[in-house]
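Subject: Structure handover

Hello,

The structure I promised is below. My notes come after it.

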Amino acid sequence: MSTRKSLITKEIASQAVIDAFKKLNPAVMIKNPVMFIVEVGTVITLLLSISPDLFGADHVGRGYDVAVFLILLFTVLFGNFAEALAEGRGKAQADTLRRTKSETMAKVLLKDGTMKQVPSTQLKKGDIVRVDTGEIIPTDGEIIEGLASIDESAITGESAPVIKEAGGDFSSVTGGTRVASDYIIMKVMTDPGESFLDRMISLVEGAKRQKTPNEIALTTLLAVLTMIFIIVIITMVPMSKYLNVDLDIATLIALLVCLIPTTIGALLSAIGIAGMDRVTQFNVLAMSGKAVEAAGDIDTLILDKTGTITYGNRMAAEFTPVKGVTQQEITFVALQSSVKDETPEGRSIVELANKQGGVWANKEYDSAEIIEFTAETRMSGLDLPGGVKIRKGAVDAIKKYVSALGGVIPNDLEEIANRIARAGGTPLAVAAGNRIVGVIYLKDTVKPGLKERFAELRAMGIKTIMCTGDNPLTAATIALEAGVDDFIAEAKPEDKIAAIKKEQQEGKLVAMTGDGTNDAPALAQADVGLAMNSGTMAAKEAANMIDLDSDPTKLLSVVSIGKQLLITRGALTTFSIANDIAKYFAIIPAMFILAMPQLDAMNIMHLASPKSAILSALIFNAIIIPLLIPIAMKGVKYRSSTADSLLTRNVLLYGVGGVIVPFVGIKLIDLILHGLSLV
Amino acid sequence: MGMGFIQVALTLVIIMLLVKPVGTYMVKVFGQEKTWLDRIFGPGERLLYRLMGVRENEAMGWKKYVGAILASNFVMMLLLYLVLRLQGSLPLNPDGIGNMGAAQAFNTAASFITNTNWQSYSGENGLSYLSQLLAITFPMFTSAATGFALAIAFIRGLVGRQDNLGNFYVDLVRSITRIFLPLSFLVALFLVFQGIPQTFQGAVDVTTLEGAKQTITRGLIGSLEAIKHVGTNGGGWFGTNAAHPFENPTPLTNMVHIVCMMLLPTSLVYAFGLMIRNKKQGWAVFTAMGLIFLVMLSVIFVSEYRGVAALDAAGVHGNMEGKEVRFGISESALFTTVTTAATTGSVNNMHESLTPLGSIVPMAEMMLNNVFGGKGVGLLNGLLYLILSVFICGLMVGRTPEFLGKKIEGKEVKLAAIALLIHPFIILAPTALALATNAGTSSISNGGTHGLSEVLYAFTSGAANNGSAFAGLNANTDFYNIGIGLVMLFGRYISIIAMLAIAGSLAVKRVVPVTTGTLRTNTPLFTGILIMIILVIGALTFFPALALGPIAEHLAMPH
């Protein structure tokens, strides 16, 4: 799916053309009331083209009926084409996914320890399966034994393999991905047909697409506008008959089609599908369109500090000696404490020490005894062959350790540690023997560009809350540095749920990201929950969106897409309704010009002839649909700013523009039609 | 023209000065807190509640509220119908008027219970004094009060936290005892002072100066005139309505009539702002309505002063046909604009005789039905368009649309759509039907485009519950009596049900806090959009009909 970025291929387009015709089926069309009316009009004009006198004497001639019929047919087809095009991209993706899904044989471990080959489609929840290097993982599950690098490119498009292992938050594997090295034993977590891949296929294909709440509301409004115009057109017949004007059917249908909101009616479902598709292109899987729409309504974002706001791996930034110790010594002891430490923090300490001129010979430490970090001691270090014990760890742990050995706690230790904590860092005290030499300043770095994005969110009226396990002091500093509005320090999973509930009680919609099992309840409580693909099955199931790249900052993009989706609908609706003004001025005088020549005063566009006026308006009405397909598919330009400035911009562009454009367009088409002597 | 302009401006200034105090008073009337008003009106009201069997503190959800409106209105309508049908044998009939026919009685009962006051009869020779009192003046109070109660209930729904729209009977009684009765009493005194008759005695036969015998009808006109305009009712004692010298004798009474018509509809918009604790929002709606009003007024003012080109060439300036000389062009133009804006429906000049362009104004205002509009209903129609504007604009800022913190979703849009659809339907469909049938066309007095306007005007007036007549059309036929009767009932009650359903649905919604991402609906920008949406949707719906009627007529006149 690395081809996702390429927008519309030739195959998709040509398939969409075929689908546009297939969608002419009235049973399909009736779901879209506006376009269904156009189709009914098309059928009537087709009948008129065949037999012009069908509904009474014809005054306009067969050629005109045929012209109206053809334009109407194209109007319907254009609308169908837009929808098919939007669906086509999803379908193409689904096909790619389906190929991944092709049946594989799985090695099921039986209770007696023997192995049995079973087709992947027959695996049931609870089966234990072994997958070896190079094999495709048959279905979704949790690793219960082993550690392997998994190639998830089939689903995420990301070629670098990821490490998955039994236990913890990185134990879930997805069907369709491949074990790149080593082997795993996994427990099947889904029944056939319900796997992540199955869901993903039906999602991108739009098979189970349900109309979103706003879409339903808008469809209602459009249907009522259509009904109003049907009343307007039907009642015109007896009114004009009273004035001794006989209106012909084809012209009435033309006027009706021009007035009902065909532009938005034709593009409405394409906008929705394309919006979902844009989310998918971001490698985020939305479980429903409703979730994407809800993302646009978000008032509060709850973000984990680690991984989302900061890189998470704390890096050494400074070595601070206590009074009476030289910079050289603390650097050296810090280096000693970490030479055998393979954690990112440890490596960053070595790196920083090297940078500051600390030198060391690896061999010297080969015989040193490594003291691993444990949650109990909260320290790690080395016992050097010479008997010196080097330790680094939490300040209070080291203090306790040194006191026990009869050492003295330096007076300025507390102050240094506090200063570091206030600055948002983590202080690690370093001791050689029973002597504390100084403090390592571990710093959590805020991802670049986030401050600006949070400012944008603030302009959009969205509040950001940072969630962290850090102490309040550290949390406050990072919060300030990142520019979030609020933070929850020393947060436990239940604090997250409480924070969500509190915001929701104020009537706010809350979004959050999460990956661990203990995030699942909060993800479910939030209005929009974005789970990381790297996370646990439980988290993924509780969320209504899954980020395949496991990048929590994506939530911000999803919010924008949700907003853009609504804006596109609103803008095109406004445009569609605003268009009607010009169409009236084209058609009404044309309809009555023969019986009431005075109405020519209303022909302000000076259109060449009545027929040309009506056909020009109708042609404009049809070709505006394909012209707007790019906007429907890409969404209108969206910049994060306040509601007022967005409204001003969009009203000018699509409201005022919607009044002016058809005047120009209809006149142009009229000039062309007249120039070519077509009418 | 200059003098006329000053008169019009002066009247509008008086109205504007009264908006704030009257609006503030209204909020007190319908508020839950105890005020000094309770000491004055309380005892009488409690007696009424006891008589009616109303528990004063009983809260009503929207369904119960609608039920109370429909039930009470149905019973009252039945009463009106019976009084009209039996007036010949009932007391207070000094002029010996006979019973009214079934179709006309239905039409009249429907007309007065819906606050329309469409009159297919002529009061002076069609109604007994008892009918004038019970079937005309009585519903003038209750229908106006019903409209008021409705608007107040809707506002409570907008700001409410639960489905409790108040108590309909309390709202009904309070608006009569605390607003309509005191105000009407004061106005009636002034009108009588200006020379309007107020008597139980029947018509008098007199010999004129030329020696001819003449019968002069009279009656309880002063009291009717007062509530007629205070309650934006519009049904006159006489067939010629406020053009009759006994209904509107002097320029002063004319001004009082105009001020009375505009007083409560305008103040209600201000009261709306107070009740939702967002005065700016109230003014935003007020401005939208006010600007449309001014545009309409300017159109009719200028077209009537310009008159007819052909006559102008012959030395007759301005269009005085169908107007009273004691009011002149400016006061007639203002009266017409006000009576159709506030959906009163009384006339001091014949709308049929307006210039074609001028005649668009009353029709357009009734088609929009929200340029301040009648008691309560006008505000509600305005808020209906506001909800639609919020919906479209809300989408354009990328959030689920919300108004006053309440989300506008599928259900509200559906209900608003019903209210939006019903108005053009009950105007255009019966107009078309009338023009297609002999029963309809035989009542038309002028042919061609003007005849079309006559029919269009009649149904528009009925649908908007306005009641003014274009005149010319003979509406006292079974076709028009029943047709317009039904249109009036549908026009009033369907939108009442839909709007209160919206109120009930909004009342129980969570309130979304305001952020910078929230669409602000009290800005000049939004007011502008609201005006555009009212005009565009209104224009798109009625443009063809207007084009075939007054616009075609105007364009056909020699220039």
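This is a predicted model: local features need pLDDT of at least 70, side-chain atom pairs count only at pLDDT 80 or more; totals for chains, interfaces and linings use all residues.

The annotated residue

The UniProt annotation "active site" covers Asp304(A), and it comes from an unreviewed entry. Asp304(A) lies in strand S11 of chain A, which spans residues 300-304. Is Asp304(A) buried or exposed? Its relative accessibility is 17%, and because the cut-off for buried is under 20%, Asp304(A) counts as buried.

Leaving aside residues up to four places away in sequence, Asp304(A) touches Ile309(A), Cys467(A), Lys496(A), Thr513(A), Gly514(A) and Asp519(A). With Lys496(A) there is also a polar contact, side chain to side chain, at 2.8 Å.

The sheet

Chain A has an open sheet of three strands in the order S6-S5-S8, and the pairing is antiparallel. Strands S6 (162-165) and S8 (178-181) of chain A stand at the edges. Each of these has a single partner strand, so one side of each is left without a neighbour in the sheet. From one strand to the next, the twist averages 50°.

Regards

Terms used. Residues are numbered from 1 along each chain as its sequence is written. Chains are lettered from A and ligands numbered from 1 in the order in which they are written. Side-chain values use heavy atoms; hydrogens and water are left out. Two strands pair if DSSP finds at least two bridges between them. Helices (H or I, at least four residues) and strands (E, at least two) are DSSP runs, numbered from the N terminus. Axes are lines fitted to C-alpha atoms, for helices over the stretch in contact, and angles run from 0 to 180 degrees between N-to-C directions. UniProt positions are given in the numbering used here, feature names are shortened, and annotations may be inferred rather than shown by experiment. Buried means under 20% relative accessible area, exposed over 50%, partly exposed in between (1.4 Å probe, protein chains only). Contact means heavy atoms within 4.5 Å. A polar contact is a pair of N or O atoms within 3.5 Å; within protein, one must be able to donate a hydrogen and the other to accept it, and residues adjacent in sequence count only if both atoms are side-chain atoms.
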